[in-house]
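User: I have a structure open and want to go through its packing with you. Let me put it up first.

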Amino acid sequence: MDTSSSDDMMRWFQEVARNARNVQAETLKTILEMNHGAEYLKKWLGDIDVHNMDAEALQSLYESMVPLASHADLDPYIQRIADGETSPLLTKQPITTLSLSSGTTEGRQKYVPYTSHSSKTTLQIFKLAAAYRSRVYPMREGGKILEFIYGSKQFKTKGGISAGTATTHYFASQEFKLKQQQTNSFTCSPQEVIFSGDYKQSTYCHFLLGLFYSPQVEFVTSTFAHCIVQALGFFEEYWRELCNDLFHGTLSPRITLPGIRTSVLDIIEPNPHLATWVSSQCEELEESDWYGLIPKLWPNAKYVYSIMTGSMQPYLEKLKHYSGDHLPLVSAEYGSTESWIGVNMDPSSAPENVTFTVVPTFSYFEFIPLHRQACDTVVGAVDDYQEDDPVPLSKVNIGQQYEIVLTTFTGLYRYRLGDVVEVAGFYEETPKLKFLCRRKLVLTINIDKNTEIDLQLAVQKGSQPLLTSGAKLVDFTSHANIADPPGHYVVYWEIKGEVNEHVLARCCKEMDAAFVDHGYVVSRKTNSIGPLELCIVERGTFRKIMEHFIGNGATMSQFKTPRCITNKVLLKMLNLCAIKRFHSTAYK
Ligand code: AMP
């Protein structure tokens, strides 16, 4: 992006951040004016004349009359849209596209309305983020981006509405092309590779083209960090074949889809010099367990850019390994299928410390204050937080945790997103958020309540003994087994490297002891929850799980390993892949 348009973007953002309070009131007014008369709004607001009301008065009225909603509350309306009803239900303009939220964090997929506004805000946040990044890491104009991105097939609902994941809609949109032109950085792969529908074939070609353009690659990216780690694992297996293709300008017979073959063969040419260089680099890398792979093969890359927070944190260590000591890891923006939320204004901050500055024009944001409850007061509760009334963006406090509530241009009203964030500070008048976790508990048997973060921390602590054996945790998930009384947690690990049983038994014990939730500790001491079970699964199990999700319509670009599994098919798959089981000896 040229510096003047970068500066314009940053100036625009400073202006809206400085007036965040008013901008939010105006944003809400615009949403309500646009969708005035839609059935859902009419139900709650009646015939109130939103056009002639003062923005702040409308804001108070809206908050008092429209209830907080979950996806389930809006689902009947969304379903009617999917079935082809064209009367104004959630929005005045008919919804012609629906997005599938990946749902792998919630266990099921959900439809969410998608409009041209969705693609426009995607373009806007990407340009804004690119402006902040280029200030710290200036880019060469016209450089290439090695992007591990994957579109899935768009399909039609019963009512003829096109549906697909939000990333798919975006990659297929005009805005995706505009983003490349306006930031003057171009993805290595053509649309046919992004949209092949076969992630292995796409990944192979992403690499082939990424290597072909190696000297021009300015940064390496994917939506979620997991995707890069997964792809680089694939590279470790296929690099020889890739080098052969690079040498001869050919394409491996493993690429069978005609569209992708033609498009890639149109681009590549034989490059024996580059192929020989890549091959010698890979031979060295193989000796050092692929440490520093990215800077070695893409020596001009300035950084790796991806979502590395939240459920992606467990892949950070592996990503650091592939990036070596010096290549910066830049945490990508915070958003959801429902709405974009915040931008990373400080690309040089470590992924562990990154904050996302809310863009107050994207949606109308509210925040439900959350207080972690003392455990014994909530026996049988389904959540471990106590809530206060939602507050607008201008009233949040530093250090306080909140659940985000969205009112979007796409017809979601006071919609609980289910994410827990903490306010870390402010940029002008708009908050900087630290992403904490999905609100939903992942592990609970009785009075115990462990969130995704609790599980993540326990796994992190429990896996420390692996280091002594030089082994590494590849991925993990969990299950609250209540089939065998008194019930216990099962944590599934896939490990790379050899570890003896004695070390694994220690890991199991330490992981059990690392769940510090009071309800869990008390239950373990009284044996109302049995010893934690560590189940080691064979290599490749998590890849199978990912393929299962992809087979069911998720895309690689949105995939997140589910951290708690209740689905019977997946549990069966995990148990079939089990090679060793350990039971904790903590609390004996
Ligand atoms: P989806 O709607 O399936 O694309 O998933 C959106 C969810 O992914 C959000 O609600 C968050 O829970 C998570 N997410 C998105 N961006 C980030 C981020 N930068 N850091 C952490 N989690 C994120």
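Predicted model: local features only at pLDDT ≥ 70, side-chain atom pairs only at ≥ 80, totals over all residues.

User: At what angle do H16 and H18 pack, and how far apart are the axes?
Analyst: The angle is about 145°, and the axes are 8 Å apart. H16 covers residues 452-462 and H18 covers residues 501-514.

User: Is the crossing left-handed or right-handed?
Analyst: H16 passes H18 in a right-handed crossing.

User: Moving along to H19. Which of its residues are buried?
Analyst: H19 spans residues 518-525, and its buried residues are Gly519, Tyr520, Val521, Ser523 and Arg524.

User: And what covers the buried residues there?
Analyst: The cover includes H18 and also strand E20, residues 488-496. Just after H19 comes Asn527, with a positive phi of about 60°.

User: Now the cores. Which residues touch the most other members in the largest nonpolar core?
Analyst: Phe235, Trp298 and Ile404 do, in a core of 147 residues. Helix H11, residues 225-248, gives the largest share of this core, with 13 residues.

User: What is Trp298 in contact with, leaving aside neighbours within four places in sequence?
Analyst: Trp298 is in contact with Leu146, Phe207, Gly210, Leu211, Ser214, Val217 and Leu293.

User: Sheets next. What is the strand order in the open sheet of five strands?
Analyst: The order is E6-E3-E7-E8-E9, and the pairing is parallel. E6 (185-187) and E9 (329-331) are the edge strands, each pairing on one side only. On average, neighbouring strands of this sheet are turned by 25° against each other, direction ignored.

User: How many bridges join E8 to E9?
Analyst: Three, with E8 covering residues 303-307 and the two strands running parallel. Tyr305 stands opposite Val330 of E9.

User: Which strands of that sheet does H8 touch?
Analyst: H8, residues 174-183, packs on the sheet and touches E3 (143-148) and E6. The direction of H8 makes about 140° with that of E6.

User: And H11, which strands does that one touch?
Analyst: H11 touches E3, E7 (217-224) and E8, and its direction makes about 115° with that of E7.

User: What about E5, in which sense does it pair with E1?
Analyst: Parallel, over four bridges between E1 at residues 97-101 and E5 at residues 162-165. In that pair, Ser99 stands opposite Gly164.

User: And with E4, is the pairing parallel or antiparallel?
Analyst: E4, residues 155-156, pairs with E5 in the antiparallel sense over two bridges. Lys156 has Ser162 of E5 as its bridge partner. The two strands form a hairpin with five residues between them, and Gly160 in the turn has a positive phi of about 85°.

User: Why does Met34 count as partly exposed?
Analyst: Its relative accessibility is 42%, so Met34 falls between the 20% and 50% limits. Met34 is in helix H2, residues 20-34. Leaving aside neighbours within four places in sequence, Met34 is in contact with Lys92 and Phe409.

User: Last one: which residues does Asn481 touch, not counting those up to four places away in sequence?
Analyst: Asn481 touches Ile445, Gly487, His488 and Val490. Asn481 is in strand E19, residues 472-481, and counts as buried at 13% relative accessibility. The C-alpha atoms of Asn481 and Glu39 are separated by 43 Å, with the two residues 442 apart along the chain.

Terms used: Residues numbered from 1 in each chain as written. Heavy atoms only, no water. Pairing = 2+ DSSP bridges. Axes fitted to C-alpha atoms, helices over the stretch in contact; angles between N-to-C directions. Left-handed = near helix turned anticlockwise from the far one by under 90°. Core = buried A, V, L, I, M, F, W, Y, C linked by side-chain atoms within 4.5 Å. Buried < 20%, exposed > 50% of the residue type's maximum accessible area, 1.4 Å probe, protein only. Contact = heavy atoms within 4.5 Å.
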